[in-house]
Structure formats: C-alpha cells, structure tokens
Amino acid sequence: MDVSFLGGPQPQRGVGIVAPFDFALDRELWRWVPDDVSLHLTRTPFVPVEVSLDLARLVSEHETLREAVNALGAVAPEVLAYACTSGSFVGGTAGERAMSVAMESAGEAPALTTSGALLEALEELGVRRVAVVTPYTKSVTDSLEDFLGEAGIAVTGRSYLGLTREIWRVPYRDVVGMAREAVADDQPDALFISCTNLPTYDVIPQLEAELRMPVVSANQVTVWAALRRIGKDAVGAYQALLDPVARRGPAAMTPTAAEPAVAEGEPVVRETVFEPVAEELPGAAVMEEEPAEPVLPSPATAAAPSPADPVLEGHEVEAQPWYEEWGRGPQPPV
C-alpha cells in the first residue's frame with residue numbers, strides 16, 4: 001500500500017525537559033501539550049538521598065544542569081525547562097534565576113524552572129496571597145514559603161504530607177484532602193500544589209469549582225510557561241491559568257466562607273500535616289441501624305421500573321475498577 005501521499009508525520013516543535021532522577025509523571029506532562037509539540041526529557045544522575053533539602057540542592061547543581069542540557073542538544077529543543085519545584089526554590093529567588101542562566105548558557109535556548117514558572121503564573125493571575133499543598137517534609141515546605149515570601153507572595157495556609165520517597169504514588173483523594181485543609185481558615189487568591197512528582201491534572205478543574213479560586217500545580221505551570229516561550233498554548237480541561245473563560249467561571253467566584261481566621265492584625269498561617277484517612281479499620285465493629293418504615297410510591301412514580309426489572313440489551317452499566325480507588329466519579333490515574 002502506497003502511503004506517500006500522507007507526506008510524513010506532522011512537524012513538531014521541541015521542548016527540552018530536565019527532570020530529577022526519580023521523576024515518574026512523564027505522562028502527566030504530556031497531557032498539557034498540544035499535538036504539534038514534543039517533549040524531550042532527560043534526567044539528572046541518581047543519588048542515594050531521600051526527598052529533602054539536601055536532595056533538592058544535589059539535583060539542581062549548575063554542573064548537573066549543564067550536563068543534562070548538553071544531552072538534549074542533539075534534538076535542538078526551542079526552549080528548556082527544569083521540572084522540579086524544590087530543586088528550583090531551595091536557593092531562593094536568586095538561586096532560581098542563576099539556574100535558568102546556567103541552562104541557557106549551556107543550551108543556547110531560553111530556559112526556565114518550575115519555581116520561576118510558578119511566579120510567572122501567579123503574576124498572570126494577579127495572585128498575591130496563596131495557600132500551598134506539598135508532599136514534602138516541614139523543612140522543605142518552609143523553604144517553599146521562604147521562596148514565595150522573597151517574591152512578595154504571602155502564604156495564608158499550608159498542608160503537607162511529610163513524605164521522603166515515592167511521591168508519585170499519592171492518590172488524588174489525598175491531594176484534594178490537603179487542598180481543603182490548606183484553604184480552610186482563610187481565603188487566599190489561589191491554591192498552589194507543589195512538586196512535579198505529585199499527580200494533579202484531573203483534580204485542578206474539580207478543586208477550582210469547589211474552592212472558587214484558581215488552582216495551579218507544579219507540572220501545569222512548567223508546561224504552560226515553556227510553551228509560552230515558543231508562542232504555543234497549553235491544553236487542559238477548564239483550568240483558570242490556561243483558559244480565560246475559566247477565570248470568569250467558578251474560579252472567579254467568592255466562596256461562602258466561614259468566619260475569618262483573624263479579625264484584625266497580621267494573618268495567621270494555618271499549617272496542617274495531612275494524614276490520609278484509613279479506608280477500613282480491621283476488627284472495627286459495625287453498628288446496625290433500625291430498619292426504616294417502607295415508603296409507599298406515589299401514583300406518579302408507581303409505574304417507574306424497579307431495580308428488578310430487566311435491563312435492555314446493550315444498556316448494562318458495568319462497574320468501573322477505578323471508581324472506588326479514585327473517588328468522586330471518573331478520575332482515572334495519570
């Protein structure tokens with residue numbers, strides 16, 4: 001069969017991504033990328049250190065970045081992005097800028113980091129007060145707050161998991177739980193979900209609708225900023241950062257707030273170490289409830305089909321294995 005008339009694959013624009021050695025969410029990054037853009041990923045060398053400030057410093061050394069950028073040189077990406085939040089905020093705002101300069105000098109292409117992209121996204125949305133969610137330990141979360149403070153961004157509340165390994169295994173339900181806790185006592189301008197190894201793609205529209213504020217995540221801002229450098233738009237379902245229509249929708253609405261945390265004076269930052277709720281406690285007693293009196297159907301509903309009625313062929317509803325695992329309806333894993 002002659003397929004020469006197809007003319008070959010669609011021309012691609014290239015984005016070079018430098019990620020830490022333990023990055024596991026390549027597929028999530030791709031979900032924000034349009035069809036005519038390719039991501040070219042490389043990783044920093046393995047070091048036997050758990051997620052910590054020490055690891056953040058090791059994976060962001062300038063020599064490490066230059067070697068990674070050189071490895072991408074063969075495919076000549078148009079822009080370079082360092083996809084790690086902690087590695088790019090651990091040195092403060094000056095350290096973040098120096099990382100971008102080191103990458104640009106090695107690759108002769110525009111370069112950015114996740115933390116730099118975060119500040120760019122917050123400026124785009126007009127955010128000055130933000131709640132943060134992290135999977136990190138307290139010391140790494142403190143460093144993120146220091147970085148934001150240097151940039152003039154106030155942290156109004158935060159929730160973190162205290163993890164030091166395998167962050168990519170955190171389920172969406174824990175991300176949502178942390179988000180609710182981080183904004184519980186105050187009304188920030190936006191919520192930031194930190195760490196490029198934390199899954200976020202499917203929860204962003206849900207949280208924006210529930211919390212009535214823009215929600216940005218590490219992977220989202222990284223891809224968004226990198227694509228902006230080459231004149232392309234990130235794609236994503238109804239997210240305030242990507243879609244001006246979403247900014248005028250639920251993310252722009254003021255929630256029905258409870259009492260403010262503080263009436264006067266300086267705001268108090270609410271900090272929570274999030275503890276996932278066990279789904280089942282072994283040996284727990286199950287309390288039996290008294291059966292309720294049967295409710296007789298009204299004439300209007302008496303003719304409605306009962307669960308025992310036969311189901312028409314082809315209309316069966318199959319149980320989905322991810323429903324209970326991911327909660328709140330169809331949110332398949334990344």
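How many helices and strands are there in the protein chain?

1. Overall make-up. The model is a predicted one. Its protein chain holds 12 helices and nine strands. Of its 334 residues, 45% count as buried. The accessible surface of the chain is about 17,800 Å², and carbon and sulfur atoms make up 54% of that area.

2. Contacts along the chain. Taking the contacts with a separation of 6 or more, 76% are between residues 24 or more positions apart.

3. Strands 5 and 6. Strand 5 (residues 129-134) and strand 6 run parallel and are joined by six bridges. Within this pairing, Val-132 is opposite Arg-158 of strand 6. Strand 6 covers residues 154-160, and six of its seven residues are buried.

4. Helix 3, buried side. Which residues of helix 3 (residues 62-72) are buried? They are Thr-64, Leu-65, Ala-68, Val-69 and Leu-72. Viewed down the helix axis, these residues fall within an arc of 130°, so they line one face of helix 3. The spacing follows a general rule: an α-helix has 3.6 residues a turn, so residues three or four places apart point the same way.

5. On the face turned away from the buried side are the exposed residues Asn-70 and Ala-71.

6. Phe-21 and Phe-46. The count of aromatic pairs is four. One of them is Phe-21 with Phe-46, an edge-to-face pair with 5.1 Å from centre to centre and 80° between the planes. Phe-21 lies in the loop between strand 1 and helix 1 (26-30), and Phe-46 in the loop between strand 2 and helix 2, so the pair ties together parts that are 25 residues apart in sequence. Phe-46 is exposed, at 60%.

7. Phe-89 and Tyr-136. This aromatic pair is also edge-to-face, with 6.1 Å centre to centre and 70° between the planes. Phe-89 is in helix 4 (residues 85-89) and Tyr-136 is in the loop between strand 5 and helix 7, so the pair links parts 47 residues apart in sequence. Both residues are buried. Ring pairs join Phe-89, Tyr-136 and Phe-147 into a cluster.

Terms used: Residues numbered from 1 in each chain as written. Predicted model: local features only at pLDDT ≥ 70, side-chain atom pairs only at ≥ 80, totals over all residues. Heavy atoms only, no water. Helix = DSSP H or I, 4+ residues; strand = E, 2+ residues; numbered from the N terminus. Buried < 20%, exposed > 50% of the residue type's maximum accessible area, 1.4 Å probe, protein only. Contact = heavy atoms within 4.5 Å. Areas by Shrake-Rupley, 256 points an atom, 1.4 Å probe, with all protein chains shown as cover. Pairing = 2+ DSSP bridges. Arc of directions from axis to C-beta. Phe/Tyr/Trp six-rings, centres within 6.5 Å; stacked < 30°, edge-to-face > 60°.
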